[in-house]
Amino acid sequence: MNELPMAKAINEGLKSAMTADDKVMMMGQDIAQLGGVFRVTEGLRELFGPNRVVDTPLAESGIVGTAIGLAMRGYRPVCEIQFDGFLYPAFDQIVTQLAKQTARHEGTQGFPVVIRIPYGGHIGAVEHHQESPEAYFAHTAGLRVVSPATPHDAYWLIQDAIASSDPVIYLEPKSRYWHKGPVDLEASGAPMHKARIAREGTDVTLVGHGAMVTVLHQAAEIAAAEGVSAEIIDLRSLSPLDYDTIVASVNKTKRLVVAQEAPENASVGSEIAATLTERAFYVMEAPVLRVSGFNTPFPPARLENQYLPDADRVLEAVDRSLAY
Amino acid sequence: MGQDGALVQDNRVEKYTQAISHLDEGDFREFFRIMSVVRRFDVEAGNLQRQGQMALWVPSIGQEAAQVGSAFASRAQDHIFPAYREHCVAYIRGLDLIDIIRMLRGVTNGGWDPRKTNNFHLYTLVIASQTLHATGLAMGIGYDGACASGDLDKDEAVLVYFGDGATSQGDASEALIFAQSFQTPQVFFLQNNHWAISVPVRVQSRTPLYERAAGFGLPSVQIDGNDVLMSYAATRVAMDAARSGQGPHFIEALTYRIGAHTTSDDPSKYRDEDELKFWQAHDPIDRLKNHLEILGVEESFFDSVAIEAEDYAADIRAKTLAIEDPPVEAIFRNVFMEDHPVMTREAAWLKQYGESFEEGA
């Protein structure tokens, strides 16, 4: 078992995928010579050469659009979008083209393109650098969406995403890049779309993904001191969602709180709340509660701690759930 | 070639004369045959749309020379990315044109497998998106080392079609930038038909569009797109240069959309009658016919082409009327290559929902 920060774990995962299949290639802004602004692709150009680790012009639609053409040629491009808020110039190519190409080609060819997006807050950055855009992609048929919370999952999920014959949006919780965790380089332990029980408990189920899983652990620790046993589910996959794991947990705890950095309106958390109401209505003792970013633009960074859900806001929802 | 069909020799066309020297009267007859058959197909498809057989039809009438010349100039190993009006190109690359009708009728969102149609890729309805796909594929040709060997019959290149309206889209500019950055083996073939639905090209650009491409650093040329020989020659020269390692090239073919943008459009609301008459007098098929007559081609040839065109149209009509709707399960098929629980669940639900009606009957 190795101890790696998440950025390094992704780097190792990319290296492993590129070694296993010479059709795997990286493309994006500043990823080759510089190694990416977060250094996730550091050293790959030296190992695999400039034809497989490509610095592109500064044009997100161009990156994804040409990746589609490369996929038609048999390549497996992994595109880096530099920051969450910069992906929208590529939105058309992702949603209108990439997501629909397999259907348009009636299954005669797959489009194994991975879009890596560093996302989320907690880094005190300027506007467009801290957003959580996952709902747009979860809403789009033809895309798979995953987000690791740990270095171990980061290492394996990136390889699963690259190996998939379908397009995958791979969301990297950038505030976790520098945090170390154990990585088992021998075995993943879970398929790409399986949620993970991150902590077992009996009184309430807490669901989250990415950096939010860390917040949920903090909340669960505090709750435990107060005699409340919280179970934590790390979603890992946002589309498709692993409802079997969530429903099984709620059958046990009878209560569910879903937490996310993203704005609440029409979010992944909202989708989970609606589905659990359909599938577990009679076992629940309380309505599903959501803890989210506010329905505002991401605020100036000095206000991010008031915008992003923290352990206290999760616990406030836990208290309300337990009070039913 | 002038409208009277006579060949014009001057210093502007000198470098292109060599590129058509291997063509003979048989080739010109073939150009004429295809232009005529596909125009008749086009008229028939428009009629079928009017009779409720299709959601939409996209006519290419008037643009046959630009398409036939350029498509013949590509080589078997090349990849072709059309916009959605390149019916002549489709025919030349071996597509059964009923597949275009299947798409516009609404039984598929694609219509064919490019790997089985001599690399003729799918129509792309969102303007200019395909320019980036073409550029990416051309980057792949470069990474594969499948160009610039010096063997013109083996080196691959990409030919991408788009219109004057597309040049206003960001994707078209990004494609030119990526092509230039990576020196892709690729030709951008702009059919400037003068109208983006109701907006004339003069509103899209104050500069001739081939000059805009030059600003991106691409060798570019403006040609008479209603001259099939010029279209062939310019494309042949540019594609062979691109496949030989000389990077991307750009051709602006001046032509005219004689018909509507699509069947949902009424060009009489925005176009001047005199402009239409001018371009009708410069019809590309008439021009080639004039040339063939100068060469002494007998009248019976033109008669036989007209008969073939009628037969083709009748065949298309019969095939269109025979198209069956896809099975309802097709909604969920091919959304993903690999198993997906949501597709499985929803398909199962729809099946049992349908069966519930049968049980109740």
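**Domains, fold and contacts**

Guide: The C-alpha centres of domain 1 of chain A and domain 2 of chain A are 26 Å apart, with domain bounds taken from an automatic or database domain assignment. This is a predicted model, in which local features need pLDDT of at least 70 and side-chain atom pairs count only at pLDDT 80 or more, while totals for chains, interfaces and linings use all residues. Residues are numbered from 1 along each chain as its sequence is written, and chains are lettered from A and ligands numbered from 1 in the order in which they are written.

Visitor: Which residues belong to domain 1 and domain 2 of chain A?

Guide: Domain 1 spans 2–183 and domain 2 spans 196–323. Two residues are in contact if their C-beta atoms, placed from the backbone, lie within 7 Å. On that basis, 26 residues of domain 1 of chain A touch 21 residues of domain 2 of chain A. On the domain 1 side, α5(A) gives the most, with four residues.

Visitor: By class, what does that side of domain 1 of chain A have?

Guide: Ala, Val, Leu, Ile, Met, Phe, Trp, Tyr, Cys and Pro count as nonpolar, Asp, Glu, Lys and Arg as charged, and the others, Gly among them, as polar. The side of domain 1 of chain A that touches domain 2 of chain A has 13 nonpolar, eight polar and five charged residues.

Visitor: How many helices and strands does chain B have?

Guide: Helices (H or I, at least four residues) and strands (E, at least two) are DSSP runs, numbered from the N terminus. Chain B has 14 helices and seven strands. Its radius of gyration is 22 Å, close to the 21 Å that the globule rule gives for 361 residues, so chain B is as compact as a globular protein of that length. The radius is taken over C-alpha atoms, and the rule is 2.2 Å times the number of residues to the power 0.38.

Visitor: At what angle do the axes of α2 and α13 of chain B cross?

Guide: Axes are lines fitted to C-alpha atoms, for helices over the stretch in contact, and angles run from 0 to 180 degrees between N-to-C directions. Here α2 (residues 25–50) and α13 (residues 299–322) of chain B cross at roughly 35°, their axes coming within 8 Å. Their contact has eleven nonpolar, two polar and seven charged residues.

Visitor: How many residues of chain A are in contact with chain B?

Guide: 31 residues of chain A are in contact with 32 residues of chain B. On the chain A side, α3(A) gives the most, with nine residues.
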